[in-house]
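Dear colleague,

Please find the structure below, followed by my notes on what was found in it.

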Amino acid sequence: MPKQQKTSTFTWEGVNRRGQNTKGEIVALNSAYAKAQLRKQGIEPRKVKKATEPLFGIGGKSSKKIKSSDITFFTRQMATMVKAGVPLVQSFDIVSDSADNRAMRDIITEIRDSVSSGNDFAEALRQHPKHFDDLTCNLIESGEQAGTLQTMLDKVALYKEKSEALKAKMKKAMMYPVITLFVAFVVTIILLVKVVPSFEQMFNNFGAELPAPTQFVVNISEITQEYYLYFIAILVITGTAFYQAYKKSKSFKDRVQASLLGVPVFGNLIIKAAVARFARVLSTTFAAGVPLVDALDSVAGAVGNSVYRDAVYKIKEDVASGQQIHLSMRSAKIFPNMVVQMTSIGEESGALDEMLSKAADYYEEEVDNAVDSLTAMIEPAMMIFLGVVIGGLIVAMYLPIFQMGDVV
């Protein structure tokens with residue numbers, strides 16, 4: 001694949017064709033490209049400068065930027081407006097007024113100005129690559145060229161909605177144990193640093209030998225009191241380093257994603273989600289009339305896992321050389337047999353998009369069921385874990401008092 005040139009975000013101030021002062025942000029290769037894009041939108045730039053990035057990518061204006069749910073809302077609203085026969089430029093104004101996110105309203109305004117100045121809808125979207133991926137732009141471009149923009153916008157909106165729903169399910173599965181473990185960690189630190197020392201002072205007045213569990217907890221408490229700040233600092237530094245490496249190093253990110261497939265329970269969930277994305281995106285692009293080889297490029301960028309991404313690129317090479325897609329999928333050995341069989345039937349019957357859509361529906365439902373089952377399984381496991389850790393600490397502290405009561 002050709003190496004993509006690095007783009008940056010630029011803030012700008014200028015005057016639009018109505019003579020009004022306006023400002024915003026734009027993504028471009030450099031300031032010259034940014035100014036050229038603004039002029040194409042009918043804006044005369046007065047000031048263009050590169051936006052500063054906050055430390056570690058945290059905080060600043062960029063942290064309040066557009067979410068994927070905002071893009072989903074935009075595509076669905078545009079599909080509704082165009083389907084109702086509202087002119088395209090007027091649709092932008094209506095959708096902009098109904099958007100809650102100010103940053104999203106600014107983007108819609110820029111898209112409207114670009115379309116008003118004579119650019120195609122897809123070209124206007126491509127001026128914002130951070131928010132509109134190639135798949136969205138290609139589908140809308142296909143709809144504009146074929147005169148089926150209404151249908152294509154509806155397909156894009158459906159794809160975005162399905163993707164958001166799948167993402168929400170994955171977050172639901174991952175966040176519950178993470179939050180529970182974090183709470184357990186915080187409570188344990190508080191007990192060891194603040195509560196246990198109070199008991200230890202009382203036990204010292206007893207002058208008796210402490211039970212083994214109590215002595216063990218006291219020893220852990222003494223170590224924690226002395227080193228807990230270092231321990232927390234190490235966790236923060238390690239977490240930050242991992243996040244930065246995952247965000248900036250493609251090879252590290254690929255290794256992490258590949259290793260996640262082998263994690264018990266969660267790995268199977270990730271596989272089902274990747275297969276669902278593969279089937280959904282390929283079905284959507286193929287139904288839109290995008291050639292299969294080109295459609296596989298969009299699929300590779302949407303599956304969400306490096307193993308499946310690399311497999312899709314290999315499938316693309318095989319299909320380009322004349323091999324049937326289901327044969328290439330079978331040779332990859334990472335796609336479930338049902339998906340391979342449904343793809344084979346779709347190719348033979350000429351209804352590949354329909355069969356892939358059914359496969360996507362099935363695996364999206366599988367992800368939903370897996371998340372519900374996982375949540376039902378994790379809840380008691382987390383309760384048992386919290387009971388053993390927190391309850392164990394409390395029992396160990398009260399054990400000497402119980403023994404004193406037995407002696408009396």
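In these notes a residue is buried at under 20% relative accessible area, exposed at over 50%, and partly exposed in between, with a 1.4 Å probe and protein chains only. The model is a predicted one, in which local features need pLDDT of at least 70 and side-chain atom pairs count only at pLDDT 80 or more, while totals for chains, interfaces and linings use all residues. Residues are numbered from 1 along each chain as its sequence is written, and side-chain values use heavy atoms, with hydrogens and water left out.

G289 lies in the loop that links α10 (266-287) to α11 (292-300), helices being DSSP runs of H or I of at least four residues, numbered from the N terminus. Because its relative accessibility is 57%, G289 counts as exposed; its C-alpha atom is separated by 7.5 Å from that of S142, 147 residues apart along the chain.

Leaving aside residues up to four places away in sequence, I111 touches F74, F92, F121, A124, L125, H128 and F132, a contact being heavy atoms within 4.5 Å.

F182, found in helix α7 (residues 149-206), counts as exposed because its relative accessibility is 55%.

Best regards

Technical notes
Helix = DSSP H or I, 4+ residues; strand = E, 2+ residues; numbered from the N terminus.
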